[in-house]
Amino acid sequence: MGLMGDLLRARNLLLVVFVPLLLLPLPILHPSSEAACAYVLIVTAVYWVSEAVPLGAAALVPAFLYPFFGVLRSSEVAAEYFKNTTLLLAGVICVATAVEKWNLHKRIALRMVLMAGAKPGTLLLCFMSCTTLLSMWLSNTSTTAMVMPIVEAVLQELVSADEEQLGAGSTSTEEAQPISLGVNHSQPSLELIFVNEDTSTADLTSLMHNKKLNGVPTITNPLQTASQRQGKKQHPSQEKPRVLTPSPRNQERNRKYRSHHDQMICKCLSLSISYSATIGGLATVIGTSTSLIFLEHFNNQYPAAEVVNFGTWFLFSFPISLIMLVLSWLWMHWLFLGCNFKETCSLSKKKKTKREQLSEKRIQEEYEKLGDISYPEMVTGFFFILMTVLWFTREPGFVAGWDSFFEKKGYCTDATVSVFLGFLLFLIPAKKPCFGKKNNGENQEPSLGTEPIITWKDFQKTMPWEIVILVGGGYALASGSKSSGLSTWIGNQMLSLSSLPPWAVTLLACILVSIVTEFVSNPATITIFLPILCSLSESLHINPLYTLIPVTMCISFAVMLPVGNPPNAIVFSYGHCQIKDMVKAGLGVNVIGLVIVMVAINTWGISLFHLDIYPTWAKASNITNQA
């Protein structure tokens, strides 16, 4: 047992050492560029799937193995690690950093909750809509980590109101038998959790245990303002929200709910946050790392194809997100709350219970603590809207965009807009300018001084550098596969699928990646499958977008297991749901997403991307590969 235990503990080291050695006969017995490239691809894929080393570190494998085997020059490999998408991501992270730093996301979330009220059905729809909206622009993991504490606080308010209502005649809390959610009902002021989307499931689990993420101790918000660091009074918009941390998983069996209905509400609201974060990430090309990886790989593989940008992606995917949001809400409501929509979704004040009224009162108090909207919040909101408008109007397709006003058309991309606006956030002061007016000291923020909206330290703490390296590794693998001829060889091996109709090929690919992504990280999955699917589409003379877009979306549907993605792990750590609950609810969301994506790509997707023809830019790429 001691030897086996040592081997298990050294599993990662053994994989790192023995996998390259066991595969070494491949390039030795078959001394060709294709075999050498396949060797590098398999070694990197094994490292990604097993997570024997961090994803970013594994993505560096092509940087030294390609030159060793003569597949690509070192300078050629290095050029693949920093692309246009990296600049796009950097600019978006600047705006996201400002949103998180000045608590604009909390103001939006609490406002939407106040609009919905405390009825379970409307509350569920409200939180799902709010999470979907935030996840369009922030990473799925960050959105989940921001919204879940607010959800937990709302659940505690429901419980506290129930105790006040039902325990009035009791002499103690024990006599009233309140729900035990594993937290102190005095509701201490705790802090939000910020986790980058590139955080692996293993790293997230380690973080939970080491920092007691699912216990009373909390993780300090890394986006601290200068006023917090100096110990001075901070603006109300920067105050940490009074939220509750998740309860320990080992206390779940001791968890007591006043009724089965209360337990179902807790399960439903918790799981819906993870699902709606995934749904929102589909709507924009910057919503998830998988869509960013797809965009850069597609532009790199087909440089002559100018069909996918922020606007066209949004026009295609936003209806998908909207339909998925509604159907997922109905599915979650039916699964956990039943079909009594009239009772759970009523907006009538006369039908509100004492419990719901007290809950709404506490939520109103939390919103009022934010105070009036601050100057940094207004600037951040303005930049947020401006960036979206400039993305849409750059090259809308049906009319001439602002890009055509320049003498050299096509030089500006979505990255140009995001980097420019992100750069301005480092310059604009967080303190409202007086323009010659005397400062009387009232309603001012002296602690801010000349500090800008965001600082470089704020940006560094939020920028997912591991994703940047991971994306670059994927580009390097794709470039090596193309130059060595491996992608052409793979495509020729798949000619047997030519007897199937195109929709069947796409459906099989979507089902395959939906299964794989439950156990393998989303970025690793799409990085492995993209070159293969490009070769498959070219060999079968199918428009590559007809396969690549649905597969990219289905890779995000890793919603059935806690290990599927970090948002699932965050929700699972709160202790309201078990694995069987996630599997049952996630399977329905998975099927809903798969059906909607297939319907979308065969209806408005065909007219939007001209999928019914084999494009010339794909033919040109195929000729280049064969050459």
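This is a chat about a predicted model and some of its residues.

Reader: Before we start, what are the ground rules for numbering and confidence?
Author: Residues are numbered from 1 along each chain as its sequence is written, and side-chain values use heavy atoms, with hydrogens and water left out. As this is a predicted model, local features need pLDDT of at least 70 and side-chain atom pairs count only at pLDDT 80 or more, while totals for chains, interfaces and linings use all residues.

Reader: Where is Thr 44, and is it buried or exposed?
Author: Thr 44 sits in helix 4 (residues 33-50), where helices are DSSP runs of H or I with at least four residues, numbered from the N terminus. Thr 44 counts as buried because its relative accessibility is 0%, with buried meaning under 20% relative accessible area, exposed over 50% and partly exposed in between, for a 1.4 Å probe and protein chains only.

Reader: What does its side chain reach?
Author: The Thr 44 side chain reaches the backbone oxygen of Val 40 at 2.8 Å.

Reader: Switching to aromatics, how many pairs are there?
Author: There are 17 aromatic pairs in the structure, a pair being rings of Phe, Tyr and Trp (its six-membered ring) with centres within 6.5 Å, called stacked for planes under 30 degrees apart, edge-to-face over 60 and tilted for the rest. Trp 456 and Phe 459 form a tilted one, at 4.9 Å centre to centre and 40° between the planes.

Reader: Which helix holds those two?
Author: Both lie in helix 22 (residues 456-462), three residues apart, about one turn of the helix, and Phe 459 is buried at 4% relative accessibility.

Reader: Which residues do ring pairs link into a cluster?
Author: Phe 294, Phe 298, Tyr 302, Trp 313 and Trp 617.

Conventions: A polar contact is a pair of N or O atoms within 3.5 Å; within protein, one must be able to donate a hydrogen and the other to accept it, and residues adjacent in sequence count only if both atoms are side-chain atoms.
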